[in-house]
Amino acid sequence: MTKKEHMSQLANYMKELDFCMMTTADGNGTMISRPMSNNRNVEYDGDSYFFSHSDTMKVRHLQNSSICNLVYQTDDMLFIQVYGHADLLTSRSMMEPYWQDDLKAWFEDGLDTEGLCLIRVRAKTIRYWHKEKEGVIEM
């Protein structure tokens, strides 16, 4: 299977995934994971997007080290691990394409929420396991 075919297959799986675990480094050797809304129904191309308040521990971690890890799991025994680097985006024009009204549960003023930022994780390596199959995609 080619890289393009692997990415197409992963994109199809990831459309239905709403949550993942994001792991960041605190700068003192400790890794910290937390659940994040994956903003599903976004066509996956190796970049993942997450809204956050800018005054959070995860944002502080990413400001110190952009390296992060994402882990996804489905009920169908599909596991996806994404290793990448994060960018913190604050431009409304960059955030608008990824906004969904469901996010108002966390950001009640929508895109006008003070301190809102968008975390974009650009995959470097994607590993996946699905029942008896497994693979690696280097971006």
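Which residues of helix α2 are buried?

## Helix α2

This model is predicted. Helix α2 covers residues 57-64, and K58, V59, H61 and L62 are buried in it. Viewed along the axis of α2, these buried residues fall within an arc of 160°, so they line one face of the helix. An α-helix has 3.6 residues a turn, so residues three or four places apart point the same way. Q63 and N64 are exposed, on the other side of α2.

The buried residues of α2 pack against several strands: β1 (19-25), β2 (31-37), β3 (47-53), β4 (67-73), β5 (78-89) and β6 (116-130).

## T23 in strand β1

T23 is located in strand β1. Its relative accessibility is 12%, and because buried means under 20%, T23 counts as buried. The side chain of T23 makes a polar contact of 2.5 Å with the side chain of S33.

Leaving aside residues up to four places away in sequence, T23 touches M31, I32, S33 and R34, and also I67, C68 and N69.

## The largest pocket

The largest pocket has a volume of about 190 Å³. Its lining consists of 13 residues, and M36, S37, F51, W106 and F107 are those that lie nearest the centre. By class, eight of the lining residues are nonpolar, four are polar and one is charged.

Strands β2 and β3 each supply at least two residues of this lining. The most comes from β3, which gives four residues.

Methods:
Residues are numbered from 1 along each chain as its sequence is written. This is a predicted model: local features need pLDDT of at least 70, side-chain atom pairs count only at pLDDT 80 or more; totals for chains, interfaces and linings use all residues. Side-chain values use heavy atoms; hydrogens and water are left out. Buried means under 20% relative accessible area, exposed over 50%, partly exposed in between (1.4 Å probe, protein chains only). The arc is that of the directions from the helix axis to the C-beta atoms. Contact means heavy atoms within 4.5 Å. On a 1 Å grid over the protein atoms alone, a cavity is a set of points where a 1.4 Å probe fits but cannot get out, and a pocket is an open set with protein on both sides within 12 Å along at least five of seven lines; lining residues have an atom within 4 Å of a point. Grid points are joined across faces, edges and corners, and a volume is the space filled by probe spheres set on the points. Ala, Val, Leu, Ile, Met, Phe, Trp, Tyr, Cys and Pro count as nonpolar, Asp, Glu, Lys and Arg as charged, and the others, Gly among them, as polar. A polar contact is a pair of N or O atoms within 3.5 Å; within protein, one must be able to donate a hydrogen and the other to accept it, and residues adjacent in sequence count only if both atoms are side-chain atoms.
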